[in-house]
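Please look over the structure shown here. The report below covers its fold, its domains and some side-chain pairs.

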2 protein chains.
Amino acid sequence: MTKAVGRPPRSETEIIEFRTKVSQHAMALYRQDGFEAVSIRRLSKAVGCAPTTLYAHFAGKTEILMLLWAEVLAEMAEHVQASVKTTSDPAERLKAAALAFVSYWIDHPDHFRLVFMSNDVGRSDVDSFIETGDVLGYFQMFADLIRNLDPKPGDVKVRTDALVAGMIGVSLCSITVRNYPWSATSMITNQVIEGITA
Amino acid sequence: MTKAVGRPPRSETEIIEFRTKVSQHAMALYRQDGFEAVSIRRLSKAVGCAPTTLYAHFAGKTEILMLLWAEVLAEMAEHVQASVKTTSDPAERLKAAALAFVSYWIDHPDHFRLVFMSNDVGRSDVDSFIETGDVLGYFQMFADLIRNLDPKPGDVKVRTDALVAGMIGVSLCSITVRNYPWSATSMITNQVIEGITA
DNA sequence: GGATTATTTGGAACGCGTATTAAATAATGT
DNA sequence: ACATTATTTAATACGCGTTCCAAATAATCC
């Protein structure tokens, strides 16, 4: 019953500790100097390892960015949750949540670009933010708000999907298409949820 | 009255001819081998000039990509226009146009990524597709369809903005968030325009 | 042909993300 | 201490977008 000779593989604890360390440094760089500061070379220096070591732990830079996504999405969810607490009327809660969602991204365009538009997001071989943290939980949050409006059961899913897509569309357009005279964001958002609360 | 000595600057014709040449080669590379094939080095070889010459004519790669945007957007507009011709009922025309818009991008995810998600699109110092070709004309097309529904005049602008943002949101989500079980795109799209046709 | 001026070129450089590989280092058992 | 094995490292390389700059080339006039 002899243990294997040689250096043992990384333990579960070591793996998690390293990933956490990388995540913290990546987030610090991002918050301090923006997205461009999160380069592999700069991040490895901050962590205190060689650039190639990052590739031994992560599939690529996008996987590292996903750690940032999780933090941003959690922050957005808190913001939305806080807005829902301001009222108890189902339609008003939904409206408040939608407005909070859109305003969060518009107030943090860098975050939006990080999560929705960075590093080949959307490529067929690149995962999206749906794999990050409890994102389905965020979708569920909106689904619950819609269910409280008491629509037909089969409608909840379609309405939820349309709501999420609509809110993301409003955020994207406001952030990226700045030289078009959009109506007030709140008005567009309310128009988008018009058919969802009907 | 002697003309200046020395080589004259590029004529208007020369400028346009070169830009057209670059545009054609960029489009050929893009259609043949995808977005990644449109590299400065590869494009300059195809055009038959030095890489730095491209920078003498364009502010950067993004400006070259805008030439591709114009072509893609024109193609999308044709697709949408063709769908509108299938019916004469205002609400049905709007629905057909919205579905055609969304299906165009979903059928051409590379085009969507090219126009909405490539090369720092959304950065505060980078222009968006709104500067490309007759984009305001495309917005106007949807505005006209909505105006034919006879809503209150002040409503047309908000409804148009919400429609465009909603359609783009649906396209973005379908293309980038593939590992979430979205409802059928047509159902989401119809739900998005529910409050616009009401 | 020479002078002048604008344009293009070639070469080098930078940091980027990523990949490769031999060497160095670390962590174990005997 | 040595052997073994896993991990990390350093160095190099690639193509990417972009920049710089002197030299080469092109297009004019005299």
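This is a predicted model: local features need pLDDT of at least 70, side-chain atom pairs count only at pLDDT 80 or more; totals for chains, interfaces and linings use all residues.

Where do Arg113(A) and Asp110(A) both lie, and how many residues apart are they? Both are in helix α6 of chain A, residues 109–116. They sit three residues apart, about one turn of the helix.

In it, the side chains of Arg113(A) and Asp110(A) form a salt bridge, at 2.6 Å from N to O. The whole structure holds 16 salt bridges over all chains.

## Fold of chain A

Chain A has nine helices and zero strands. From the N terminus on, its elements read α-α-α-α-α-α-α-α-α. The C-alpha trace of chain A spans about 70 × 50 × 35 Å along its principal axes.

## Where the two domains meet

Six residues of domain 1 of chain A contact nine residues of domain 2 of chain A. The size of an interface is often given as the accessible area lost when the parts come together. Here, domain 1 and domain 2 of chain A bury about 690 Å² between them. Of that area, 63% is on carbon and sulfur atoms. Three residues stand out on the domain 1 side: Met27(A), Tyr30(A) and Phe35(A). Together they supply 68% of the area that domain 1 of chain A buries against domain 2 of chain A, more than any other three residues.

Polar links are also present. The count between domain 1 and domain 2 of chain A is one salt bridge. Glu75(A) and Arg31(A) meet through their side chains in a salt bridge, 3.0 Å from N to O. Three residue pairs are in polar contact across the interface of domain 1 and domain 2 of chain A. By class, the side of domain 1 of chain A that touches domain 2 of chain A has four nonpolar, one polar and one charged residues.

## Aromatic pairs

Over all chains, the structure holds 18 aromatic pairs. One of them joins Phe101(B) and Phe142(B). A pair of aromatic rings is described by the distance of the centres and the angle of the planes. For Phe101(B) and Phe142(B), these are 5.8 Å centre to centre and 80 degrees between the planes, and the pair is edge-to-face.

Why does this pair tie together parts that are apart in sequence? Phe101(B) lies in helix α5 of chain B (residues 90–107), while Phe142(B) lies in helix α7 of chain B (residues 135–147), so the pair ties together parts that are 41 residues apart in sequence.

Methods:
Residues are numbered from 1 along each chain as its sequence is written. Chains are lettered from A and ligands numbered from 1 in the order in which they are written. Side-chain values use heavy atoms; hydrogens and water are left out. Contact means heavy atoms within 4.5 Å. Buried area is the accessible area (1.4 Å probe) that two parts lose on being put together, summed over both. A salt bridge is a side-chain nitrogen of Lys or Arg within 4 Å of a carboxyl oxygen of Asp or Glu. A polar contact is a pair of N or O atoms within 3.5 Å; within protein, one must be able to donate a hydrogen and the other to accept it, and residues adjacent in sequence count only if both atoms are side-chain atoms. Ala, Val, Leu, Ile, Met, Phe, Trp, Tyr, Cys and Pro count as nonpolar, Asp, Glu, Lys and Arg as charged, and the others, Gly among them, as polar. Rings of Phe, Tyr and Trp (its six-membered ring) pair if their centres lie within 6.5 Å; planes under 30 degrees apart count as stacked, over 60 as edge-to-face and the rest as tilted. Helices (H or I, at least four residues) and strands (E, at least two) are DSSP runs, numbered from the N terminus.
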